[in-house]
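Biologist: Hello! Could we go through this structure together, one question at a time?

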Amino acid sequence: MWPVVLGFLRSNAVYITLPVAAVIGFVGYNLENILSDKYTPYNKSIQENRAERLADDGKLQNAENVEKLRLREDVLERNLSPSLRK
């Protein structure tokens, strides 16, 4: 009996592999959704933590120095091509 089953599986492996992989992927995806925690807490950036720490230590006296340590909001637009600028 086993040689017949293995012969059938060997000759039709191409047609059997995709549905089996799809079922395993579907079960794994749903199992991961059930078991995993989807909540990711907010953490301040390293630059914000450093600026606050230096401000608390008294090394930075005025707000201008604290603002210089933080990243600018348009950090992704630094190397923007001229044709894409507003």
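Biologist: Is K44 buried, partly exposed or exposed?

Modeller: First, a word on the source: this is a predicted model, where local features need pLDDT of at least 70, side-chain atom pairs count only at pLDDT 80 or more, and totals for chains, interfaces and linings use all residues. Residues are numbered from 1 along each chain as its sequence is written, and side-chain values use heavy atoms, with hydrogens and water left out. Buried means under 20% relative accessible area, exposed over 50%, and partly exposed in between (1.4 Å probe, protein chains only). K44 has a relative accessibility of 41%, so K44 is partly exposed.

Biologist: Which side chain meets that of K44 in a salt bridge?

Modeller: A salt bridge is a side-chain nitrogen of Lys or Arg within 4 Å of a carboxyl oxygen of Asp or Glu. A search of the whole structure finds 1 salt bridge. Here the N to O distance is 2.8 Å, and the partner of K44 is E52.

Biologist: How many helices does the chain have?

Modeller: Helices (H or I, at least four residues) and strands (E, at least two) are DSSP runs, numbered from the N terminus. The elements run α-α-α-α from the N terminus on. With 0 strands, the count of helices is 4.

Biologist: Which element has the lowest mean pLDDT?

Modeller: pLDDT is the predictor's confidence in each residue, from 0 to 100. Where pLDDT is low, the predicted coordinates should not be read in detail. Helix 2 (residues 13–35) has the highest mean, 94, while the lowest, 58, belongs to helix 4 (residues 63–69).
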